[in-house]
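Please look over the sequence and the three-dimensional model shown next. The paragraphs after them lead through the fold from its overall plan to single residues.

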Amino acid sequence: MKQALSHYRLFLADEAASCALANNLAKSIFPNLSEGYELDLSDFSGARIYLHGDLGAGKTTFARAFLRALGVKGRIKSPSYTLLESYNVSSLYLYHFDFYRFNDSDEWQEAGFEEQLLERAVVLVEWSEKANEQLPPPDLRLDLTYQEAGREAVLSAVTDKGKQWLNNLNSQTEV
């Protein structure tokens, strides 16, 4: 029996590689995800993914591709100015936060976003460190760092769910 992964590291040469990672992660969380079919949410208990990296590292690019893989149609806006963009696909709620503009971690509390951290929702958070310890822990953390002409992506599982997703992701890429 293979040991559950807690970290998954890979090099992303370009935007297409980032989008491929986002698509594969979506399939890891929803293994029966396929275009044109309604998501099976019977065993889904929510997903929290926190995205970290410098400005321009590809957090929003990843988030857009991930949301698109889950079935979001139309324009996917960056929440840099609005702090939150929300979507609904079938009966799945998707929340994309960006806390870059926070100057104080108390702004998280003042904004009243706690209800968007529902169970059975997918929550993507850029710049979660700006809310400090006020946010619940993620299931998975994605760190994007500049490396040569591309990016290094490190996915770190925080919960058992996150470990399962990394194992699913790893088995998708094993050939």
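A polar contact is a pair of N or O atoms within 3.5 Å; within protein, one atom must be able to donate a hydrogen and the other to accept it, and residues adjacent in sequence count only if both atoms are side-chain atoms. Helices (H or I, at least four residues) and strands (E, at least two) are DSSP runs, numbered from the N terminus. With these terms, the start of helix 1 can be described: aspartate 14 caps its N-terminal end, a side-chain oxygen lying 3.3 Å from the backbone nitrogen of alanine 16.

The model is predicted; local features need pLDDT of at least 70, side-chain atom pairs count only at pLDDT 80 or more, and totals for chains, interfaces and linings use all residues. Residues are numbered from 1 along each chain as its sequence is written, and side-chain values use heavy atoms, with hydrogens and water left out.

The protein contains four helices and seven strands, and from the N terminus on their order is β-α-β-α-β-β-α-β-β-β-α. Of its 175 residues, 49% are buried, where buried means under 20% relative accessible area, exposed over 50%, and partly exposed in between (1.4 Å probe, protein chains only). The accessible surface of the protein comes to about 9300 Å², and carbon and sulfur atoms account for 47% of that surface; such areas come from the Shrake-Rupley method with a 1.4 Å probe, and for residues only the protein chains shown count as cover. A contact means heavy atoms within 4.5 Å. Among contacts between residues at least 6 apart in sequence, 65% join residues at least 24 apart.

Glycine 46 and arginine 120 are 74 residues apart in sequence, yet their C-alpha atoms are 3.8 Å apart in space. Leaving aside residues up to four places away in sequence, glycine 46 touches Arg120, Ala121, Asp139, Lys161 and Trp165.

Which residues of helix 1 are buried? They are Ser18, Leu21, Ala22, Leu25, Ala26, Ser28 and Ile29. Seen down the axis of helix 1, these buried residues fall within an arc of 160°, so they line one face of the helix; the arc is that of the directions from the helix axis to the C-beta atoms.

Rings of Phe, Tyr and Trp (its six-membered ring) pair if their centres lie within 6.5 Å; planes under 30 degrees apart count as stacked, over 60 as edge-to-face and the rest as tilted. The structure holds three aromatic pairs. In one of them, phenylalanine 62 and phenylalanine 66 have ring centres 6.1 Å apart and planes at 15°, so the pair is stacked. Being four residues apart in helix 2 (residues 59-69), phenylalanine 62 and phenylalanine 66 are separated by about one helical turn. Both phenylalanine 62 and phenylalanine 66 are buried.

Most residues other than glycine have a negative phi. Serine 90, in the loop between strand 3 (84-89) and strand 4 (92-98), has a positive phi of about 60° although it is not a glycine. Glutamate 148, in the loop between strand 6 (140-147) and strand 7 (150-157), has a positive phi of about 50°. Serine 90 is partly exposed at 37% relative accessible area, whereas glutamate 148 is exposed at 77%.
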